[in-house]
Amino acid sequence: MPNFVLNVIQPDRDSPPPPEFLEPILRDVKAVNEEMRSAGAWVFRAELDLAHTARVVRVDDDGTSLTDGPYAEGKEHPGGFTVIAAPDLDAALGWAEKLSRATTLPIEVRPVTEVNPA
């Protein structure tokens, strides 16, 4: 069964939202994750630290450079992702819709072209 990445796109901020804002969202996300597990779609998920904690390493003919911050400047960045197994893109989009409703954020869906387990 193909795998898909569901990227959660969140607003760029210096600190997480307050608990009273996050608690109902986290509850709803947990319910969607449990539904994915029950359906056999859930593979794994990961939360990413805030975008300003990122570093970008580049290597070229002149050597290696390091820059602080995310690769692309913007008002939104990936804040985490869930990898799912789904029979097709339409099924993955259905899970993305549920996750978007739970998170109140946009979800980018991308097919995984190759998996190399550790």
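1. Contact here means heavy atoms within 4.5 Å, and helices (H or I, at least four residues) and strands (E, at least two) are DSSP runs numbered from the N terminus. Axes are lines fitted to C-alpha atoms, for helices over the stretch in contact, with angles from 0 to 180 degrees between N-to-C directions. In those terms, helix α2 (residues 89-103) lies across β1, β5 and β6 and runs at about 155° to β6.

2. This is a predicted model, in which local features need pLDDT of at least 70 and side-chain atom pairs count only at pLDDT 80 or more, while totals for chains, interfaces and linings use all residues. Residues are numbered from 1 along each chain as its sequence is written, and side-chain values use heavy atoms, with hydrogens and water left out.

3. Four strands form an open, antiparallel sheet in the order β2-β5-β1-β6, where two strands count as paired if DSSP finds at least two bridges between them. The edge strands, each pairing on one side only, are β2 (42-47) and β6 (107-111). Neighbouring strands of this sheet are turned by 20° against each other on average, direction ignored. Helix α1 (residues 19-39) packs on the sheet, where it touches β1 (3-11), β2 and β5, and its direction makes about 155° with that of β2.

4. Strand β5 (residues 76-85) pairs with β2 in the antiparallel sense over five bridges, and β1 and β5 also pair in the antiparallel sense, over nine bridges. Within β5, Gly80 is the bridge partner of Glu47, whereas Thr82 is the bridge partner of Leu6 and also has Arg45 standing opposite. Because seven of its ten residues are buried, β5 is largely enclosed by the rest of the structure; buried means under 20% relative accessible area, exposed over 50%, and partly exposed in between (1.4 Å probe, protein chains only).

5. Thr104 deserves a separate remark. Most residues other than glycine have a negative phi, yet the phi of Thr104 is near 65°, a positive value. Thr104 lies in the loop between α2 and β6 and, at 54% relative accessibility, counts as exposed.

6. A search of the whole structure finds one cavity of 30 Å³ or more; a cavity is a set of points, on a 1 Å grid over the protein atoms alone, where a 1.4 Å probe fits but cannot get out, and lining residues have an atom within 4 Å of a point. The largest cavity has a volume of about 40 Å³, the volume being the space filled by probe spheres set on the points, which are joined across faces, edges and corners. Its lining includes Gln10, Asp12, Leu50 and His77, and the elements that give two or more residues to this lining are β1 and β5.

Conventions: 1 Å grid on protein atoms, 1.4 Å probe; cavity = no way out; pocket = protein on both sides within 12 Å on 5 of 7 lines; lining within 4 Å.
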